[in-house]
Amino acid sequence: QVKLVESGGGSVQAGGSLRLSCTASGYTGSGYCMGWFRQAPGKEREGVAHIASDGSTRYADSVKGRFTLSKDNAKHTLTLQMNNLKPEDSATYYCAAGVWPLVEEHVRYWGQGTQVTVSS
C-alpha cells in the first residue's frame, strides 16, 4: 500500500510563491507516474501537473510557465514549485500516483490534500 503525505500549503498574496511537497511511503519502485490535482470549492477536481518515471512532465495550460514539477526518486518525494500565484490558484491540492497519463481515472493513490489560499 502506497501512502502519500503532502506538505507546504498555506496562504500567500497574489504574485507570491509556495512549494508543495509529497512524500511517498510503502513505495517499492519508481514506475508510478506522480502528480498534483486541485479542487476549489464548487468546482470539479482538475489536474495540475504530473511527471512520468522517465521525467516527462505535463502541465495544465493554466499553470504553464508558473509551476514547476520535480521528483527525487531516491527520496520518493515530489515537489511542486508554484510562482506568480493567482487567486484562481486557491484550492485544495492533492498528490496522486498512478499510471501515465495521470488523469483522474488512472490515479491509484491519493494524498489527504493541502490547502492553498491566494489573496488578491
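This short report walks through the nonpolar cores, the salt bridges and one serine of a predicted model.

Let's start on the inside. In soluble globular proteins, nonpolar side chains tend to be buried together. Here the largest nonpolar core has 28 residues, and Leu 4, Trp 36, Leu 80, Met 82 and Tyr 93 have the most contacts inside it. Among the elements that give two or more residues to this core are β3 (18-25), β4 (33-39) and β9 (91-98). Another core, of five residues, lies apart from it and includes Cys 33, Ala 96, Leu 102 and Val 107.

Now for the charged side chains. Side chains of opposite charge can pair when their charged atoms come close. The model has five salt bridges, including these:

| Salt bridge | Closest N to O distance |
|---|---|
| Arg 38 and Asp 89 | 2.9 Å |
| Asp 61 and Lys 64 | 3.1 Å |

Is Arg 38 buried or exposed? Arg 38 is buried, with a relative accessible area of 5%, and Asp 89 is buried too. Because Arg 38 lies in strand β4 and Asp 89 in the loop between β8 and β9, their pair ties together parts that are 51 residues apart in sequence. Glu 46 is partly exposed at 35% relative accessibility, and Asp 61 is exposed at 65%. A network of salt bridges links Arg 38, Glu 46, Arg 66 and Asp 89.

Finally, have a look at Ser 90, which sits in the loop between β8 and β9. Its side chain has a polar atom 2.9 Å from the backbone oxygen of Pro 87, and the side chain of Ser 90 also reaches the backbone nitrogen of Val 118 at 2.7 Å. Beyond its neighbours within four places in sequence, Ser 90 is in contact with Ala 40, Val 116, Thr 117 and Val 118.

Methods:
Residues are numbered from 1 along each chain as its sequence is written. This is a predicted model: local features need pLDDT of at least 70, side-chain atom pairs count only at pLDDT 80 or more; totals for chains, interfaces and linings use all residues. Side-chain values use heavy atoms; hydrogens and water are left out. A nonpolar core is a set of buried Ala, Val, Leu, Ile, Met, Phe, Trp, Tyr and Cys residues joined through side-chain atoms within 4.5 Å. Buried means under 20% relative accessible area, exposed over 50%, partly exposed in between (1.4 Å probe, protein chains only). Helices (H or I, at least four residues) and strands (E, at least two) are DSSP runs, numbered from the N terminus. A polar contact is a pair of N or O atoms within 3.5 Å; within protein, one must be able to donate a hydrogen and the other to accept it, and residues adjacent in sequence count only if both atoms are side-chain atoms. Contact means heavy atoms within 4.5 Å. A salt bridge is a side-chain nitrogen of Lys or Arg within 4 Å of a carboxyl oxygen of Asp or Glu.
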